[in-house]
Amino acid sequence: MQRLAILGSTGSIGRQTLEVVEQFPDLFDVYSLTANNNWELLIEQALKFRPDSVVIANTEHYQSVKHALEKEYIKVYAGTDAVSQVVENSQIDTVVAALVGYAGLEPTINAIRNKKKIALANKETLVVAGEMVMQLAAENQVPILPVDSEHSAIFQSLAGETGGVEKVILTASGGPFLHASKEELKHVTPTQALNHPNWVMGKKITIDSATLMNKGFEVIEAKWLFGLKPDQIDVLIHPSSIIHSMVQFQDGAIKAQLGTPDMKLPIQYALSFPQRWPLAPRLNLIGKQLEFFEPDTDRFPCLNIAYEAMKKGGNTSCIMNAANEVAVEAFLNEKIKFIAIPKTIEYCINKMNFIPSPSLEEYRLSDKETREYAKQYIKQTK
């Protein structure tokens with residue numbers, strides 16, 4: 001039986017992880033759950049899965065959670081530090097890192113230092129500090145198993161292979177604005193951007209998918225997960241989201257993983273590897289179209305920004321991520337236009353000092369300073 005800590009249990013990945021757990025009650029024990037703001041759902045989950053402990057990161061909700069669970073023999077903690085500390089418990093085997101954004105970095109690092117298996121859904125961990133994280137994982141002999149559907153597809157395609165990888169090909173649906181003109185992109189609303197054609201996800205990742213920044217993050221993530229060079233990572237637009245990603249080998253063969261657009265498959269595979277367990281639904285290929293297009297980086301510059309950040313290295317991807325988080329939040333709150341998201345990121349990359357080999361503290365400072373620059377830029381561009 002695996003004892004799980006699910007960081008971000010009230011988010012999309014966290015909720016679906018608990019659905020997987022429900023299917024295999026004899027194989028999992030939910031030991032800890034954490035949430036940022038959604039204290040009501042956290043309480044529901046705690047009452048249902050009976051963890052040893054829960055953490056509510058937003059301390060304003062601590063008393064509400066504590067009061068609801070005080071007779072249930074469930075420990076209640078609060079604050080962002082507690083999210084990192086809860087993974088230290090010796091009873092925990094696997095940490096599902098499903099927090100959104102930069103907030104996932106330090107808890108994941110702490111879990112690695114405490115030698116927990118990582119089921120990684122928080123792509124920003126590797127975007128911000130991929131070199132540091134992978135080095136720590138190697139030193140502590142900790143497996144990092146990808147939960148992102150694209151990286152899970154690559155991971156599955158590499159199973160049983162001993163080398164000869166020429167490149168990987170990440171697929172992207174193209175989001176809701178695949179065929180929108182540059183003029184139309186100037187006027188899109190948050191509601192339109194949140195209307196993803198294939199996937200049901202959280203707000204942040206859905207906007208990132210619409211700008212192609214999510215695919216840029218995945219390019220960087222692939223570099224670190226699979227030890228690739230930038231020119232070994234391609235992106236193709238695949239509107240039907242049937243092929244989740246591919247690996248091309250040096251003999252020209254291409255292996256791909258196909259499936260329905262359902263995150264429970266990669267979540268379950270990360271938890272069950274190297275086994276495969278029963279899961280529904282099935283993909284029906286009859287009448288399906290397997291079309292592929294080159295991404296348009298003129299209309300969607302975030303993908304190129306990510307490639308350049310990956311090539312430059314240092315704290316550049318950290319800056320890019322922080323600026324993007326601020327810009328996406330501003331767009332969702334209708335403070336900036338959709339097309340201002342990449343402009344905000346580029347401004348911050350040009351404004352911030354480059355650090356070639358950052359420490360964890362320098363990553364913290366880069367993240368904090370970038371957010372201030374991004375907020376200043378957004379105020380100036382109103």
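Which side chains meet in a salt bridge at 2.7 Å, N to O? In this predicted model, the side chains of E106 and R364 do. Local features need pLDDT of at least 70 and side-chain atom pairs count only at pLDDT 80 or more, while totals for chains, interfaces and linings use all residues. Residues are numbered from 1 along each chain as its sequence is written, and side-chain values use heavy atoms, with hydrogens and water left out.

View 1. A salt bridge is a side-chain nitrogen of Lys or Arg within 4 Å of a carboxyl oxygen of Asp or Glu. E106 belongs to helix α5 (residues 105-113) and R364 to helix α16, 258 residues apart. Helices are DSSP runs (H or I, at least four residues), numbered from the N terminus. E106 is partly exposed at 26% relative accessible area, where partly exposed lies between buried (under 20%) and exposed (over 50%), with a 1.4 Å probe and protein chains only.

**View 2. The salt bridge of R364 and E361.** Their side chains meet at 2.7 Å, N to O. Both residues lie in helix α16, three residues apart, about one turn of the helix. R364 has a relative accessible area of 31%, and E361 has 40%.

**View 3. The salt bridge of K186 and E183.** The closest N and O atoms are 3.3 Å apart. K186 is partly exposed at 37% relative accessibility, as is E183 at 45%.

Terms used
Helices (H or I, at least four residues) and strands (E, at least two) are DSSP runs, numbered from the N terminus.
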